[in-house]
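Below is a briefing on a predicted model.

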Amino acid sequence: MTQPILALEGLCMNFGGMQALSEVSFAAQAGRITAVIGPNGAGKTTAINCISGIYRPPRGEAYFEGQSMLGLASHQLARRGVTRTFQNLQVFTHMSVLENVMVGLHGVTKREFLWALFRLPGFQAEERQVMEQAREMLEFLDLAEMAALPAGQLAYGDQKRVELARALVSRPRLMLLDEPAAGLNAAETESMARTLRAIRDQGISLLLIEHDMSLVMGISDWVVVLDHGCKIAEGTPAQVQAHPEVICAYLGGAAEAGADA
Amino acid sequence: MTGWNEIAQYTVSGLTTGAIYALVALGFCIIHNATGIVNFAQGDFVSLGGLMMYTFLVALGLPVLLSFPLAVASVALVGALLERLALRPARDKRVVILIFITIGASILMRGVFKQIWGKEALALPSLSGEYPLRLLGATFTPQNLWIVALTLAAIVALGYFFQRTTVGKAMRATAANPRAAVLMGIDTERMKLYSFGLSGFLGALAGVLITPIVTVSYGVGVMLGLKGFAAAVLGGYGSFVGAILGGLALGLLESLGAGLISSTYKDVIAFLVLLIVLFVMPSGLMGRGERSRV
Amino acid sequence: MSGRGRGFFLGLAVLAGLVVAVPFVMPNPYYLNVLNVVALNAIVVIGLNLLIGYAGQISLGHAAFYGLGAYISGIFTGSFGWPPWPTMLFAAVSVGGLAALIGIPILRLKGNYLVMATLGFNLIVNILTVQLDDLTGGPSGYSGIPSLEIFGWVINSDLRFYILVWSAALIALLLARNLVRSRVGRGLRALHGSEVAAAALGVPTERYKVKIFVFSAVLASLAGSLYAHYYGIITPKTFDIFFSVELVTMCIVGGLGSLWGGFLGAAFLTPLPQVLHFVEEYKDIIYGGILVLILVFLPEGLFTRLGRLPWLAGRRSP
């Protein structure tokens, strides 16, 4: 087996005595879609927040392409090729859609304050390139017509695509997607699934957290199941669906998940 | 050589001013919890308390037992008016805009105070005599005792109000989660009004109590308000226990710093310690760190 | 994009034209003096607006940076005979360094804590300028600061200073606009919108906050140095927390996140106390009242109202 793009080893996280993650280990292969599923409160978002530098886990390790990634700040991870989207939308509402996506290139561009202030050589060329790449990304995700609108004015589903565009535009090695289909209707979910597959086919590895089972089972190459902060199963979608503990966890949590939806 | 007596003396005066700061800080917290903003007119409630007391007690010659409640109640009313006239109608509810509305209101209020009471410092007699008392090596006046006692009484009353009364509980619910409070049928707009009234009450109490020691004029509230704000921040903004601790800590820090190190630099010492505490504990002594869910 | 870019330069050209025309129309030194203070304040407000309106970080301590710039320039040229221009640079670098030093811990704070910390810093600096009277002249101020000189041209009249300070203000505006419309400007506005999201996209949020804090402090320091050489005398009262509050008020009244707004805020609020001089008695009441009315009814700032004019629409430009 080749080196996984992402590997978690015995990751633990607790909040004031509450164990949110205990000894979680799994790996995501390069060029694949790996999904992390589980009932509400299973620790899925916590896991992503640990990997992406928002939380500092007390124990355990996480490796990105074989190198330890814990302790790196979010912006350093972005520079190394790990970007993410958020469960509760974090679109920059007061900036235009185009600008939102241009920010996505921040980690792969370099002209700082002095260049900007005095328009030093190289500044304009970089700006043009950023603009061009951002516009291409808007085309790819069907957002071109909304480029100049303040992102906060967009419909929910469009804002989700803005977040996706922002995280994708820098051509990361690994994208972490926190519930990309949450709040989307059936048609939008279907189109999101197509988009995610297209992204994977471009060679970008995806780790996604999801509630929507049809999406997960339809597109994932590998599925990891968390419950109460522990990994209870992993395997191909078919294997996981047949796993007795998974069925139990989901039936047990069904009422809660239903009320939440 | 600094003796025990001096330290005891500094402690007494530190606790006295600390109690005043605590009252002001509590006013900041109550408004913050109901509205999310800093009310920079809080200090002006303090000076208005002293000024109103002067009017009722000295100018009109009313008895203390009547003047005191009248002064405090009138400032509570002004607090409520401020909320109703300047903050409720605000078109933009962004915190920074609302804060600067209170700054504008503070300038306006000081202008009005200057018109009514003039620029001169006005003095008030102590609540009961100037006869000095001695305890554990420290000398203090009955006014010191009044300040500490009435501050304690106010804290106990506030505790009762927030824990036991329907309105108090509704105010706490509004602070904890405004949206849920609305869903439970709580009129959160009314709670904002009450919070300004209550803060006016506390500010005026501080003003009535401190004036016999330091006199009052239209602008004294600025520094007292700032100190109260610093105390609230030091304690952990929004926490009542923190406000009280922050107030006492700041009062002691100033008085011991002035007595033992340098009286010229007492404010520098106090604010320097405040900054250092914030660098180490970014949400104050009793504050809960805010973590937004992403 | 290019259309909006032209809008800014058109606005800048109109402003520059006004600046050139004013001395011919109103040669009265009294008016020029008022306009000079407007420009000094505008320079500070431009930097502050980048910090507050764009990066979303509040500071009620910028009068301290203004004052430090003024005192460093004044003392080193006045007491130690340093040449003014290099001293001004020295002041800006020192103030920038200090801003970086305190900015690193201070900008980790949020909301009210940040307000208090910056206020506290201003209070400390202000008390020190009063108390270190051997050096600063104490409460009565420090005097005997020499005038500036450009190739033998001594800047010792209101008109000459007018030319200098308005050039500086226009340059500051241009630089700020360059910053806003760049990768850096987008990064700052992004961290204003959501710090976690900005960081996840590669914006070094902590460092950016400190850098823009330093930049705004350096602008304040330069304005302070100019002030010192213009008046020749400086007093601690000019740089107290009330001036910090006034500066932020200018930002808000003009329109947060609008560089033109900052100019307008400075232009409107700077002369207001003098305009109200004839009603001395009621000055505070009217000033406070106007402030409350504007903030209650025009919270988006004066400029946004004017900004409906199409050619001025450089606000929050993409």
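A salt bridge here is a side-chain nitrogen of Lys or Arg within 4 Å of a carboxyl oxygen of Asp or Glu. By that rule, Arg183(C) forms a salt bridge with Glu112(A), with the closest N and O atoms 3.3 Å apart. Residues are numbered from 1 along each chain as its sequence is written, chains are lettered from A and ligands numbered from 1 in the order in which they are written. As the model is predicted, local features need pLDDT of at least 70 and side-chain atom pairs count only at pLDDT 80 or more, while totals for chains, interfaces and linings use all residues; side-chain values use heavy atoms, and hydrogens and water are left out.

**Interface of chain A and chain C**

- Contact means heavy atoms within 4.5 Å; on this basis 36 residues of chain A are in contact with 33 residues of chain C.
- About 3000 Å² is buried between chain A and chain C, and carbon and sulfur atoms give 64% of that area. Buried area is the accessible area (1.4 Å probe) that two parts lose on being put together, summed over both.
- On the chain A side, the residues that lose the most area to chain C are His106(A), Phe113(A) and Leu117(A), which together account for 24% of what that side buries.
- Between chain A and chain C there are four salt bridges.
- The two chains also have 16 residue pairs in polar contact, both residues being at pLDDT 80 or more. A polar contact is a pair of N or O atoms within 3.5 Å; within protein, one must be able to donate a hydrogen and the other to accept it, and residues adjacent in sequence count only if both atoms are side-chain atoms.
- Two or more residues of the chain A side come from each of α2 (74–80), β6 (82–84), α3 (97–103), α4 (113–118), α5 (123–140) and α6 (156–168) of chain A. Helices (H or I, at least four residues) and strands (E, at least two) are DSSP runs, numbered from the N terminus.
- With five residues, α5(A) gives the most to the side of chain A that touches chain C.
- By class, this side has 16 nonpolar, 10 polar and 10 charged residues. Ala, Val, Leu, Ile, Met, Phe, Trp, Tyr, Cys and Pro count as nonpolar, Asp, Glu, Lys and Arg as charged, and the others, Gly among them, as polar.

**Interface of chain C and chain B**

- Here 40 residues of chain C are in contact with 45 residues of chain B.
- The area buried between chain C and chain B is about 3700 Å², with carbon and sulfur atoms giving 79%.
- In chain C, Asn112(C), Tyr113(C) and Met116(C) lose the most area to chain B, together 19% of what that side buries.
- One salt bridge is counted between chain C and chain B. Lys114(B) forms a salt bridge with Asp284(C), and their closest N and O atoms are 3.0 Å apart.
- Seven residue pairs are in polar contact between chain C and chain B, both at pLDDT 80 or more.
- The elements that give two or more residues to the chain C side are α4 (84–106), α5 (111–131), α11 (241–254) and α14 (283–297) of chain C.
- The largest share of that side, 13 residues, comes from α5(C).
- The side of chain C that touches chain B has 32 nonpolar, six polar and two charged residues.

**Sheet in chain A**

- Four strands of chain A form an open sheet in the order β2-β1-β4-β5, with antiparallel pairing. Two strands pair if DSSP finds at least two bridges between them.
- The edge strands are β2 (18–28) and β5 (67–68) of chain A, each pairing on one side only.
- Seven bridges join β1(A) to β2(A), and the bridge partner of Phe15(A) in β2(A) is Met18(A).
- The hairpin of β1(A) and β2(A) has two residues between the strands, and Gly16(A) takes a positive phi near 45 degrees.
- Strand β1 (residues 6–15) pairs with strand β4 (residues 59–64) of chain A over five bridges in the antiparallel sense; Glu9(A) has Glu61(A) as its bridge partner in β4(A).
- Seven of the 10 residues of β1(A) are buried. Buried means under 20% relative accessible area, exposed over 50%, partly exposed in between (1.4 Å probe, protein chains only).

**Helix α1 of chain A**

- Helix α1 (residues 44–51) of chain A is largely enclosed by the rest of the structure, because eight of its eight residues are buried.
- Gly53(A), with a positive phi near 85 degrees, follows α1(A).

**Thr151(B)**

- Thr151(B) lies in helix α5 (residues 142–164) of chain B.
- Thr151(B) counts as buried because its relative accessibility is 5%.
- Not counting residues up to four places away in sequence, Thr151(B) touches Ala19(B), Leu23(B), Trp146(B) and Leu209(B).
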